[in-house]
Amino acid sequence: MTVRKFKLINANGAEWDLMRKDAFLYQPDGLGISQNNEYMRIGNTYELIQRLSAQKAVSFSMVFRNYAVYRQFADFIIYQPLKLAYMPMNEWVYCDGEITDMSKSEIDYQTNRLICNTTFTATSLWYIPRQARRTADDVENPKKYTYQYDYQYADAINGYINVTNNSNEDAQGTITIFGEITNPSWYVSVNNNVIESGSVTASIPVGNKLVINSKDGQLEVAEYVAATDEFVRNLYQATDFNRETFVHFPPGNSVLFVSGETDTQIDAWVQIDEVHDTV
């Protein structure tokens, strides 16, 4: 028998195990499907115009051993936004949001526990982060050209990444391309047809990385130090505005191609958020 698990992750990246005996989640509700669909009345029938997932609100009781543990939890959730992590079977799924309500009364004389009714209001659907790294090069033994200033590069040493999205919705994602690379570009292909693409006119040195984040509310094209995630510069203005830049990955299988001028194999990876209305 699989035992479901819950945990919270705050904005600092700290985790709170919601299965711990002195502060655990009890009787969760609101984990199913809810939709805010739009309909048009046609005579005595209604035609579906738009299908939308309703904003989720997960309710549960937090059971604390004493007031001190309650205080620890209250201090933990101050650092919002939060991620509610849920493992119904064999992998973690996540939902972004905030705790918008948590009641407090007195310690129950029957259970000798402090029971607080709590509401987690979601700002996303459930999602499963999935990562993939460059799996191969589509150019073998690329030619290198030597210039008078003793600079070598191989043009269009393309790397490709196979991406699988098991959701029925397009997946947003984050592409990371590691230096050294000049003028990197990327595009998503399905059945050899390019559906979205982007590029940057810039040089990313060894030790740095280019990050293209297509997640709603987090759109970004920027350079970071690879080892520390220290921000270096915003590169959005250096993108090709004739392309989509912030690519998405359709349901099923697709391929992410990454190319650029480099004298080594391209090193890149992508993380997609596979979204689900319920899990």
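Arg-243 comes out as partly exposed at 31% relative accessibility (buried means under 20% relative accessible area, exposed over 50%, partly exposed in between, with a 1.4 Å probe and protein chains only). Its side chain meets that of Asp-240 in a salt bridge, 3.4 Å from N to O (a side-chain nitrogen of Lys or Arg within 4 Å of a carboxyl oxygen of Asp or Glu). Asp-240 is partly exposed too, at 24%.

Keep in mind that this is a predicted model: local features need pLDDT of at least 70, side-chain atom pairs count only at pLDDT 80 or more, and totals for chains, interfaces and linings use all residues. Residues are numbered from 1 along each chain as its sequence is written, and side-chain values use heavy atoms, leaving out hydrogens and water.

Now hop over to strand β20, residues 220–225 (strands are DSSP runs of E, at least two residues, numbered from the N terminus). It pairs with β19, residues 208–213, in the antiparallel sense over 6 bridges (pairing takes at least two DSSP bridges). On to β21 (residues 231–234), which runs antiparallel to β20 and is joined to it by 3 bridges. Glu-223 has Arg-233 as its bridge partner, and their side chains also meet in a salt bridge at 2.6 Å, N to O. Glu-223 is buried at 2%, while Arg-233 is partly exposed at 33%.

In total there are 10 salt bridges, with Glu-91, Arg-130 and Glu-274 linked in a network.

Notes. Helix = DSSP H or I, 4+ residues; strand = E, 2+ residues; numbered from the N terminus.
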